[in-house]
Amino acid sequence: MLDKIQNSIPGISTKVALSRGIVALSGRIGHGGTTLPGRVVRVLDGDIAPRLGRKLDQGCVLVSATNGKTTTSAMIAAILKESGLVVARNREGANLAAGVATALLKNASLAGRPTADIGLFEVDEAVFPAIAGQLDPRAVLLMNLFRDQLDRYGELEHIADMWRDAVKKLDQRRTIAIVNADDPLVAEMSKLKRDAFLCFGIEDSTAGGLVMQHASDSKYCTVCGTPFKYEVLFMGHLGKYHCPNCGNRRPSPTIFAENVHLDGMRGSSFDLVTPDWRQAVAVALPGLYNVYNALGAAACCFGLKVAPDQIKNGLKSFGAAFGRVERLIIGEKKVCLLLVKNPAGFNEVVRTLLIEPGQKNLLLALNDKIADGRDISWIWDVDLEALAGEVLSATCSGTRAAEMAMRLKYAGLNAKTLKVRPDLKTALRVALAHTKDDETLYVLPTYTAMLALRQTIHKHFQTENEMADLVWK
Amino acid sequence: MELRIAHLYPELMNIYADRGNIITLVSRCRWRGVDVRVDNFGPGETPAWREYDFFYLGGGQDREQRLVARDLASKGAGLADAVERGAALLAICGGFQLLGQYYRTSAGETMEGVELFKAYTVAGRRRLIGNVVVESRMDGNIFELAGFENHSGKTYLTEEGQPLGRVVAGFGNNAEDKTEGIIYRSAIGTYLHGPLLPKNPELADFLLQRSLRRRYGAEAVLASLEDGLEREAHSVAIKRAGR
């Protein structure tokens, strides 16, 4: 039996066995088990991940975006589980080729057969084209492009061009492309006139505004360069737009959100409308950005032909993705962890905080490591001026704590409310000391600061939550 | 007292949070009781050049920069005249390149600049990215400027061009001759963003002082400010550059 398989696919079982051994070992030696096995197997055989991926019964789904990859993928996973499928996923952050290969290996038998039904991979914006080319995905969900870590990527339009070329190469009937109509750069893909294509957007104009945030990126017509006219702006440059010069305009979404209701930190609800049905859905995550995530996840699952009830129940059952919006109790105090990693996302977190009544206690942790982006200038693009007068205490931490505090000073926050404590543990102690028992501490870390904070909380603080859920092993 | 700032192409040239520099100029005026007005000028809009004490031009992506280059051609003379008459100017990255003599792309195409700065730029093969420290001498004082750079264009000063400073860490104008930026009268062009002015308050005040003098003469003096956080952010930025 084993011989037969080895004959039909030369060497695959040996390589899978070896790689799976590395998965187990790297987990044990505390490497985190995220991408090492994938890196090893790519050295052994560059072809093995695509071969495993193509063997999945229900194929692969790829999710890419600047903001919301992890949360949206987690929502899709919840929906797919609700529909009874076993899902192979990559760990968040492990979203380069090696991370995808690792996930495929972990979900394969020693003989090289997949043990999951469907693959679901969040992929980095810049590597999406390469991975899409390798895996022959069944669906690709493309959510948004915002300015993020320019020191790594170069320019947004370049990524949009790469995405479009990648989608062009995918079989236009076999692979369904699901894109955000509200993001002009991403919506360009509607012009490819694919057979298998869906676009989604928010229709409820009362959910947005007319003032453009300072961080907004793609304000110019993708065809002729004239500034777009917006009927409404939902988040950053996402909204209902048209070009007054050449007539280029937002495509009408086939799947959309109506009656959007935001209920502060508690969550949001909306009516999900598809060509076939309409369904009221609720998510326990705050802010319009999570409405987009839920809408993207729902559109993707609609494309995969999941039933409306399963979509609704999957979204309802969904808690939060790692570090995105986590609520915990430390000692007696409520702590809410909200990842911030670029201006568009940070603006949404600020907007959501302001829905909550009363002045806030904040811990802002700004790191400038490679995964955060070494260039921290982006915090000056965030509309932090909105926080002036709304803050009881703001403890600033991380490798660039002082710059964060300085930004808040120039945003008009009272200098007396600002504390600089670069060390995360000290900062958390100080921030908790400023937070009264009936108040909430809002913790806003960048990516690596979020990872380090979770470790710190795990090691040094008493929490009521199950720490197994809190820290990745 | 009142200062007037003209922000050129804020919608097009703002890629590295250049707005942070404007926020800093405005705040540091208000904290001193100096009134300040910022007027924005996009393509097709021309400031009354002699009304302004300070001109600001940020950095942009390639496409935006091309739009601006076309529009700026008709404005070069007015801007140069304002600088000759003592107005301060700060141009970051793409803005710095556009105010030089020309920019030669990798395809060999030449975009004409407005020749306010004695410098020219040629497209380079790799991007020069990272934290930078520059030692600069201004009004007789030596200070270290800290910032972040991200550019592929390599800028060279002509013989008359005087650099803003000497690179202590990072790449600077071209990664070859250790020069960074340019200074001519009260006009500065530089690759440093980060943004530059918040964590280099001496430079912010140098430019404000020059602007104030233009309007009110030599006796106009800026009051000192409490800069504890600014200094801390500055020293961290210098350490992160490996200094």
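In chain B of this predicted model, 71% of the contacts with a separation of 6 or more are between residues 24 or more positions apart. Six helices and 12 strands make up the secondary structure elements of chain B. The C-alpha trace of chain B spans about 50 × 45 × 30 Å along its principal axes, and 51% of the 243 residues of chain B count as buried.

Chain A is described here through its domains. The domain assignment divides chain A into domain 1, made of residues 60-92 and 120-317, and domain 2, residues 325-470. Taken over C-alpha atoms, the centres of domain 1 and domain 2 of chain A are separated by 27 Å. In the contact between them, domain 1 of chain A supplies 22 residues and domain 2 of chain A supplies 19 residues. On the domain 1 side of this contact, the elements of chain A that give two or more residues are α8 (150-153) and α11 (288-303). Of these, α8(A) gives the largest share, three residues. Sorted by class, the side of domain 1 of chain A that touches domain 2 of chain A has 10 nonpolar, eight polar and four charged residues.

The next element to follow is a sheet in chain A. This is an open sheet of six strands with mixed pairing, in the order β12-β13-β17-β14-β15-β16. Strands β12 (325-330) and β16 (418-420) of chain A stand at the edges; each has a single partner strand, and therefore one side of each is left without a neighbour in the sheet. With direction ignored, neighbouring strands of this sheet are turned by 20° against each other on average.

Within the sheet, β14 (residues 360-365) and β15 (residues 391-397) of chain A run parallel and are joined by six bridges. On β15(A), Ser397(A) is the residue that stands opposite Ala365(A). A helix of chain A, α14 (residues 401-410), lies across β14, β15 and β16 of chain A. Relative to β16(A), which is one of the two edge strands, helix α14 of chain A runs at about 165°.

Key. Residues are numbered from 1 along each chain as its sequence is written. Chains are lettered from A and ligands numbered from 1 in the order in which they are written. This is a predicted model: local features need pLDDT of at least 70, side-chain atom pairs count only at pLDDT 80 or more; totals for chains, interfaces and linings use all residues. Two strands pair if DSSP finds at least two bridges between them. Helices (H or I, at least four residues) and strands (E, at least two) are DSSP runs, numbered from the N terminus. Axes are lines fitted to C-alpha atoms, for helices over the stretch in contact, and angles run from 0 to 180 degrees between N-to-C directions. Two residues are in contact if their C-beta atoms, placed from the backbone, lie within 7 Å. Domain bounds come from an automatic or database domain assignment. Ala, Val, Leu, Ile, Met, Phe, Trp, Tyr, Cys and Pro count as nonpolar, Asp, Glu, Lys and Arg as charged, and the others, Gly among them, as polar. A residue is buried if 20 or more other C-beta atoms lie within 10 Å of its own, exposed if 12 or fewer, and partly exposed in between; C-beta atoms are placed from the backbone.
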